[in-house]
Amino acid sequence: MTYWILIGLISLVSMIVSSTLKNKFRHYSKVHLQNGMSGAEIARKMLHDHGITDVQVISTPGMLTDHYNPAKKTVNLSEGVYNQRNAAAAAVAAHECGHAVQHAKGYEWLQMRSKLVPVVSVASGMSVWVIFGGLVLAASTGFGYTIAVIGLAMFAMGTLFSFITLPVEYDASNRALAWLKNRNVITQGELKGAEDSLKWAARTYVVAAVGSLATLLYFGLQVFGGRD
């Protein structure tokens with residue numbers, strides 16, 4: 001019961017932050033840029049200004065599906081961001097290019113996160129089942145406890161990944177906002193909108209990291225606290 005209450009609270013906070021983020025983006029999507037540039041044009045300009053010539057800016061389906069792919073070296077912008085000419089689109093486009101700049105400069109936290117991706121992609125989906133399976137088996141065999149500990153370690157990798165993601169995302173936003181401001185790409189009013197948008201986007205990662213840590217601690221109590 002404690003676990004489900006914990007998950008419920010985390011889910012509620014996540015929903016609130018996600019809903020606020022969507023409202024912010026809807027609001028700042030109405031703040032049209034005076035320079036008339038689209039998200040794609042802003043992304044290409046930021047890459048050019050940083051001397052990055054081997055990264056493509058492409059459109060990807062969906063809403064808030066924007067991301068940088070370091071393997072393919074593509075800045076993937078959702079259709080709304082790619083084509084729109086507003087403060088929200090400028091914020092997202094510049095943020096994703098911030099990741100491209102990190103990649104080009106060998107930013108340590110991004111490199112660390114990239115190395116963890118293959119491990120986390122496999123471990124995160126299986127960890128909970130391994131933990132619960134181990135706890136069930138522990139009632140009849142000591143080997144079950146070992147399985148539960150392995151599952152806990154797998155889940156811990158996902159939690160570590162969530163916290164490593166935080167400096168990566170905040171740094172990308174800082175690079176984006178600094179470039180938008182220093183290059184006078186957008187006005188001060190538009191910059192405030194871009195900053196507010198990125199602030200709420202970053203909070204989704206904070207909630208995810210805290211939620212993952214809380215769940216890890218709960219599982220840790222179940223595994224180690226239940227041992228005789």
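A salt bridge is here a side-chain nitrogen of Lys or Arg lying within 4 Å of a carboxyl oxygen of Asp or Glu. In this predicted model, arginine 85 and glutamate 41 form such a bridge, with their closest N and O atoms 3.2 Å apart. Arginine 85 sits in the loop between α3 (79-83) and α4, while glutamate 41 belongs to helix α2, so this pair ties together parts of the chain that are 44 residues apart in sequence. Neither end is described as buried: arginine 85 counts as partly exposed at 38% relative accessibility, and glutamate 41 is partly exposed with a relative accessible area of 35%.

## Salt bridges

Side chains of opposite charge can pair when their charged atoms come close.

| Arginine 85 | Glutamate 41 | 3.2 Å |

Lysine 73 is partly exposed, with a relative accessible area of 31%, and aspartate 54 counts as partly exposed at 43% relative accessibility. Elsewhere, salt bridges that share partners join Lys24, Asp196 and Lys199 into one network.

## Nonpolar cores

The largest nonpolar core has 41 residues, and those with the most contacts inside it are Ile42, Leu47, Val75, Leu180 and Ile186. Two or more residues of this core come from each of the elements α1 (2-28), α2 (39-49), β3 (74-78), α4 (87-105), α6 and α7 (188-225). Of these contributors, α4 gives the most, with eleven residues.

Isoleucine 186, one of the residues with the most contacts inside the core, touches Leu33, Asn35, Ala90, Leu180, Leu191 and Ala194, when residues up to four places away in sequence are not counted. Apart from this core lies another, of ten residues, among them Ile131, Leu152, Tyr218 and Val223.

## Aromatic pairs

A pair of aromatic rings is described by the distance of the centres and the angle of the planes. Four aromatic pairs are found when the whole structure is searched. In one of them, tyrosine 145 and phenylalanine 224 are arranged edge-to-face, at 6.3 Å centre to centre and with 75° between the planes. This pair links distant parts of the chain, with tyrosine 145 in helix α6 and phenylalanine 224 in helix α7, 79 residues apart. Tyrosine 145 is buried, with a relative accessible area of 16%, whereas phenylalanine 224 is partly exposed, with a relative accessible area of 46%.

Another pair is formed by phenylalanine 155 and phenylalanine 219, whose ring centres are 5.4 Å apart and whose planes stand at 85°, so the pair is edge-to-face. Phenylalanine 155 in helix α6 and phenylalanine 219 in helix α7 are 64 residues apart, and this pair too links distant parts of the chain. Phenylalanine 155 is buried at a relative accessible area of 13%, and phenylalanine 219 is buried at 1%. Both residues belong to a cluster in which ring pairs link Phe132, Phe155, Tyr218 and Phe219; Tyr218 is also among the residues of the ten-residue core.

## A nonpolar patch on the surface

Phe163, Leu213 and Leu217 form a nonpolar patch on the surface, and together they have about 260 Å² of accessible area. Phenylalanine 163 lies in helix α6 (residues 143-182) and counts as partly exposed, at 33% relative accessibility.

Notes. Residues numbered from 1 in each chain as written. Predicted model: local features only at pLDDT ≥ 70, side-chain atom pairs only at ≥ 80, totals over all residues. Heavy atoms only, no water. Patch = residues over 30% accessible without salt bridge, like charges linked within 9 Å, V, L, I, M, F, W, Y side chains within 5 Å. Areas by Shrake-Rupley, 256 points an atom, 1.4 Å probe, with all protein chains shown as cover. Helix = DSSP H or I, 4+ residues; strand = E, 2+ residues; numbered from the N terminus. Buried < 20%, exposed > 50% of the residue type's maximum accessible area, 1.4 Å probe, protein only. Core = buried A, V, L, I, M, F, W, Y, C linked by side-chain atoms within 4.5 Å. Contact = heavy atoms within 4.5 Å. Phe/Tyr/Trp six-rings, centres within 6.5 Å; stacked < 30°, edge-to-face > 60°.
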